[in-house]
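Here is a short report for a first look at this structure. Keep the sequence and the 3D view open while reading.

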Amino acid sequence: MKLFLTGYMGSGKSLIGKKLSEKLKIPFQDLDFLIEKEAKKTISQIFAESGEIYFRKLEREILKGVLNSEADQIIALGGGTPCYYDNMELINAFTNSSSFYLKLSVENLTRRLLKEKDHRPMISHLNSQKELDEFVRKHLFERSFYYNQSKNVIDCNHKSPEEIVDLILQKLG
Ligand SMILES: Nc1ncnc2c1ncn2[C@@H]1O[C@H](COP(=O)(O)OP(=O)(O)OP(=O)(O)O)[C@@H](O)[C@H]1O
Ligand SMILES: O=C(O)C1=C[C@@H](O)[C@@H](O)[C@H](O)C1
Ligand SMILES: [Mg+2]
């Protein structure tokens, strides 16, 4: 059994994944953490030293490694993972699995991201709320096509982490 969490940067994949893991007693993996462990560098360092194309290739290799393991896992994907190569097809083709898109409005995402954008290289150069808002609006529009291929969509607006975990548990039945 593998449960994949998808969604934009700041949507709560890492936080919700950890909480869901505690509830279900299924080990948690964060793809971003696995990438950093493999590269022995932070994601910001990988982007700065090797560029985004290299990062996306590495991200795909680490995803394939996760998909090749038989272990039960809850996996927080990177914000961009579903949007490159045929990653989302690979994710959805995995048997005995489900995927959850943690959906948030642009307004709620930017409010969160403004406070913690520095370790997120895709947005670290955006300095004002207005710049961030413009970027996220367009980027989320482009990416929604991929996120919406998740098997479940969870509306995370104005919900506590506990409420979101409960919604996921309800979907799992
Ligand atoms: N439901 C929620 N209510 C309030 N704050 C939340 C909620 N979910 C997540 N957060 C907070 O929002 C921030 C972003 O969450 P998190 O790091 O889990 O996002 P992410 O989807 O893993 O982002 P990334 O794709 O960049 O890794 C964190 O500070 C987290 O504590
Ligand atoms: O949305 C994205 O493209 C990213 C999200 C993060 O999870 C990291 O995977 C990285 O910062 C890129
Ligand atoms: Mg995360």
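## Around Val-106

Val-106 touches Asp-133, Val-136, Arg-137 and Leu-140, leaving aside residues up to four places away in sequence. Take one of these partners, Val-136. Val-106 and Val-136 are 30 residues apart in sequence, and their C-alpha atoms are 6.5 Å apart in space.

Val-106 belongs to helix 5, which covers residues 106–115. Is Val-106 buried, exposed or partly exposed? Val-106 is partly exposed, because it has 18 C-beta neighbours inside 10 Å, and a buried residue needs 20 or more.

## Confidence in the model

This is a predicted model. The average pLDDT of the protein is 97. A score of at least 70 is reached by 100% of the residues. The model has an ipTM of 0.99 and a pTM of 0.98.

## The nonpolar core

The largest nonpolar core holds 35 residues. Which of them touch the most other members? They are Leu-5, Leu-31, Ile-75, Phe-100, Leu-102 and Ile-154. Helix 3 supplies the largest share of this core, with 5 residues.

Phe-100 shows how one of these residues is placed. Beyond four places in sequence, Phe-100 touches Leu-3, Leu-5, Thr-6, Ser-150, Asn-152, Ile-154 and Ile-168. Two residues in that list, Leu-5 and Ile-154, are also named with Phe-100 among those that touch the most other core members.

## Sites listed in UniProt

An unreviewed UniProt entry places a "binding site" feature at Ser-14. The record also lists Asp-32, Arg-56, Gly-79 and Arg-143 under "binding site".

Ser-14 sits in helix 1, residues 13–24. Ser-14 counts as partly exposed because 16 C-beta neighbours lie inside 10 Å. With residues up to four places away left out, Ser-14 touches Asp-30 and Ala-76. Arg-56 is in helix 3, residues 43–68. Arg-56 has 17 other C-beta atoms within 10 Å, so this residue is partly exposed too.

Where does Gly-79 lie? Gly-79 is in the loop between strand 3 (73–76) and helix 4 (87–93). Gly-79 is buried, because 23 C-beta neighbours lie inside 10 Å and the cut-off is 20 or more. Its contacts beyond four places in sequence are Tyr-8 and Met-9.

## Around ligand 1

Ligand 1 has 20 residues around it. Those that come nearest are Gly-12, Lys-13, Ser-14, Leu-15 and Gly-79. Helix 1 and helix 7 (161–172) are the elements that give two or more residues to this shell. Helix 1 gives the most, with 3 residues.

How many residues of this shell are nonpolar, polar and charged? The shell around ligand 1 divides into 6 nonpolar, 8 polar and 6 charged residues.

## Around ligand 2

Ligand 2 is surrounded by Met-9, Asp-32, Ile-43, Gly-78, Gly-79, Gly-80, Arg-120, Pro-121 and Met-122. By type, the shell holds 4 nonpolar, 3 polar and 2 charged residues.

The UniProt record lists Gly-79 under "binding site". Gly-79 is among the residues that come nearest to ligand 1, and Gly-79 is also in the shell around ligand 2. Met-9, a contact of Gly-79, is in the shell around ligand 2 as well.

How values were computed
Residues are numbered from 1 along each chain as its sequence is written. Chains are lettered from A and ligands numbered from 1 in the order in which they are written. This is a predicted model: local features need pLDDT of at least 70, side-chain atom pairs count only at pLDDT 80 or more; totals for chains, interfaces and linings use all residues. UniProt positions are given in the numbering used here, feature names are shortened, and annotations may be inferred rather than shown by experiment. Helices (H or I, at least four residues) and strands (E, at least two) are DSSP runs, numbered from the N terminus. A residue is buried if 20 or more other C-beta atoms lie within 10 Å of its own, exposed if 12 or fewer, and partly exposed in between; C-beta atoms are placed from the backbone. Two residues are in contact if their C-beta atoms, placed from the backbone, lie within 7 Å. pLDDT is the predictor's confidence in each residue, from 0 to 100. A nonpolar core is a set of buried Ala, Val, Leu, Ile, Met, Phe, Trp, Tyr and Cys residues joined through C-beta atoms within 7 Å. A residue is near a molecule or strand if its C-beta atom, placed from the backbone, lies within 6 Å of it. Ala, Val, Leu, Ile, Met, Phe, Trp, Tyr, Cys and Pro count as nonpolar, Asp, Glu, Lys and Arg as charged, and the others, Gly among them, as polar.
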